[in-house]
Amino acid sequence: MNIHSYGSGSPKSFLAYPRGDFDLESGSAKKARKPKSSSFQPIKMLKSLGTRIQYYYKLHPLFVFLISLLFGLTVVIILSVYESRFRAMSNYRKLSVGYSDYPFTKLQNLVMVAGHSVYTSSSCGKVDKEDSWFLESYQRHPGQAATFLAHIKEGVEIAAKDDGALLLFSGGETRKDAGPRSEAQSYWAVAESEEWFGKKEAVRWKALTEEHARDSFENLLFSVCRFRELTGSYPQNITVVSYDFKEERFAYLHRSAIRFPESRFFYSGTPASLTSKEAAMKGEALVRAQFQDDPYGCAGSLRRKKLGRDPFHRTIPYPNGCPEIEGLFKYCAAAPYPGSLPWAS
């Protein structure tokens, strides 16, 4: 008997019916049915959700209203937090275009000399004479000019001993009758005229100015921001140079207001002139009490005094140069600033 193969390769192999469904009555092939689409349909889901919410609202209107209100507030808070963070990071990226773009990246410590007057003389040969400086009535005492010179010299000498220190003279254009000249530029010019007290090579290249501060708190806060602008980071240590009777104001009140670590904060005070010491101590007690009630100098008499020390309406650039501490510039309360700070543990 011959056995034939009817596989696909056999000439006798054939398809009895076409592939797919075949209608025996009509003798034609039917098209294969396509499965129903299971695509995601958000519109129907939203309609269903809306129907359910409407149903529950009819049963418990107050409850649904409170839940909706809470949800809305949560969304607003989350969006505002992310918006502020995004804006801060955006500013930070604009500044941080490259680590090497900052001119003083190797300096880690801040030495700040607080300005107290504007140098008005056309000659630099009389820096220790009172008539070379614009003095307020409470400053008109013999030996007053010498105290300014002592501050400048002290700052220069401290910076000269520290290879990692940036020296900043701080003080804005605070006196209308002195013209648009800042306290900071006055101090820098005096240091230049005195050849940096023999420390020119060590100090001049890293001595700069902060020219917007209108009071002692701004001397500190603005100088920290200026340090960030120049180095790309915040100071590891801060040394403030001013009068010895102002130590408590700077080292305790102002330092605590920005929550800078006490172990990294130093103060170098020089004495007031003998003829002005008693009056200076009384005035300092009054100002210290004002800062105890208003640590950020943003209300009442401190605010009015600060506005009076801006006769030329200078626009303050900060905190553009230090976006990480933007909240500190906007904060105004008696309690310490509660936000995060780069130097606070």
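For my class counts, Ala, Val, Leu, Ile, Met, Phe, Trp, Tyr, Cys and Pro are nonpolar, Asp, Glu, Lys and Arg are charged, and the others, Gly among them, are polar.

Ground rules: this is a predicted model, where local features need pLDDT of at least 70, side-chain atom pairs count only at pLDDT 80 or more, and totals for chains, interfaces and linings use all residues. Residues are numbered from 1 along each chain as its sequence is written, and side-chain values use heavy atoms, with hydrogens and water left out.

**Cavity**

I looked for cavities (sets of points on a 1 Å grid over the protein atoms alone where a 1.4 Å probe fits but cannot get out). I found one of 30 Å³ or more.

**H3 and H4**

Next I checked helices H3 (residues 144-161) and H4 (residues 183-193), whose axes come within 10 Å and cross at roughly 75°. Axes are lines fitted to C-alpha atoms over the stretch in contact, with angles from 0 to 180 degrees between N-to-C directions; helices are DSSP runs of H or I, at least four residues, numbered from the N terminus. So H3 is roughly perpendicular to H4 (65 to 115 degrees). Phe148, Leu149 and Ile152 of H3 meet Tyr187, Val190 and Ala191 of H4, contact being heavy atoms within 4.5 Å. That contact has six nonpolar residues, no polar and no charged.

Conventions. Helices (H or I, at least four residues) and strands (E, at least two) are DSSP runs, numbered from the N terminus. Angles under 35 degrees count as roughly parallel, over 145 as roughly antiparallel, 65 to 115 as roughly perpendicular and the rest as oblique. On a 1 Å grid over the protein atoms alone, a cavity is a set of points where a 1.4 Å probe fits but cannot get out, and a pocket is an open set with protein on both sides within 12 Å along at least five of seven lines; lining residues have an atom within 4 Å of a point. Grid points are joined across faces, edges and corners, and a volume is the space filled by probe spheres set on the points.
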